[in-house]
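Reader: I'm new to this one. Could you walk me through how to read a few of its features?

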Amino acid sequence: QAKVKQVEKDWLKYISIKSKGKATVVNGENLQTEAVYKNISPNPFNVYSKLVETTDGVNLTVWLTDNNAAFISKTPNSIEDLAVQKYVRDFAVQEYKLAVEEELKMERNKLNDIEKQQASLIKDEEKSNKKINDNLRAIAKAKDKIVTTQSDIDAASVKIENQKTMVDKTAADANATKGAKKTLNDLEKDKVKS
């Protein structure tokens, strides 16, 4: 999970702790002179290392020599060998923790983004539901108004029919017919308005 550049930076920092010498890079290999780690050697030593990024992660190869260029740990499972293994393993565990923490941070950021999207979707859904409810109320009011208007139209139609009957009955009397026709015109205008 780690990247070689970050691991190399951390490794150089790790091997330089309490070091009295200088770190250099030669042909892609790191050299830290006069490194100090009392569990490996009471005397300062040199750390040669090379980091390579692979598809499986970062490989770290380490050689430790005393000031006479003799390898510190020639015998497998000797005290020095175990101390060197622990020294490198402690660094590997530290880097693994950092890589996992970085991955966890990225996943938390993704989770936060998803939670924000979810909250936005919930808010949009609530707005849509409110709009639907408002529209349903408006439809119900419009239906009530249609029913009321239809009742008004039916009542106006009945009045018009009654007035037409009145006009026909008063046809013999010119003044009565004129008044009945005026009332009929007024009723028809009211019906159109409804």
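Predicted model: local features only at pLDDT ≥ 70, side-chain atom pairs only at ≥ 80, totals over all residues.

Reader: Is Asn-30 buried or exposed?

Author: The idea is to look at relative accessibility: under 20% counts as buried. Asn-30 has 0%, so it counts as buried.

Reader: Which side chain does the side chain of Asn-30 join in a polar contact?

Author: That of Glu-8, at 3.3 Å.

Reader: And what else is Asn-30 in contact with, leaving aside its neighbours within four places in sequence?

Author: Besides Glu-8, there are Trp-11, Leu-12, Thr-24, Val-25, Val-47, Tyr-48, Ser-49 and Leu-51.

Reader: Now backbone angles. What should I expect for phi?

Author: Most residues other than glycine have a negative phi. Lys-18 isn't a glycine, yet its phi is positive, near 60°.

Reader: Where is the place of Lys-18?

Author: Look in the loop between helix H1 (4-16) and strand S1 (23-26). As for accessibility, exposed means over 50%. Lys-18 has 67%, so it counts as exposed.

Reader: What about phi of Glu-34?

Author: Glu-34 has a positive phi too, about 50°, and it is not a glycine either. This residue is found in strand S2, the strand that Asn-30 lies in.

Reader: Why does Glu-34 count as partly exposed?

Author: Partly exposed is what falls between the buried and exposed cut-offs. Glu-34 has 33% relative accessibility, so that is the class it gets.

Conventions: Residues numbered from 1 in each chain as written. Heavy atoms only, no water. Helix = DSSP H or I, 4+ residues; strand = E, 2+ residues; numbered from the N terminus. Buried < 20%, exposed > 50% of the residue type's maximum accessible area, 1.4 Å probe, protein only. Polar contact = N/O pair within 3.5 Å; in protein donor to acceptor, adjacent residues only side chain to side chain. Contact = heavy atoms within 4.5 Å.
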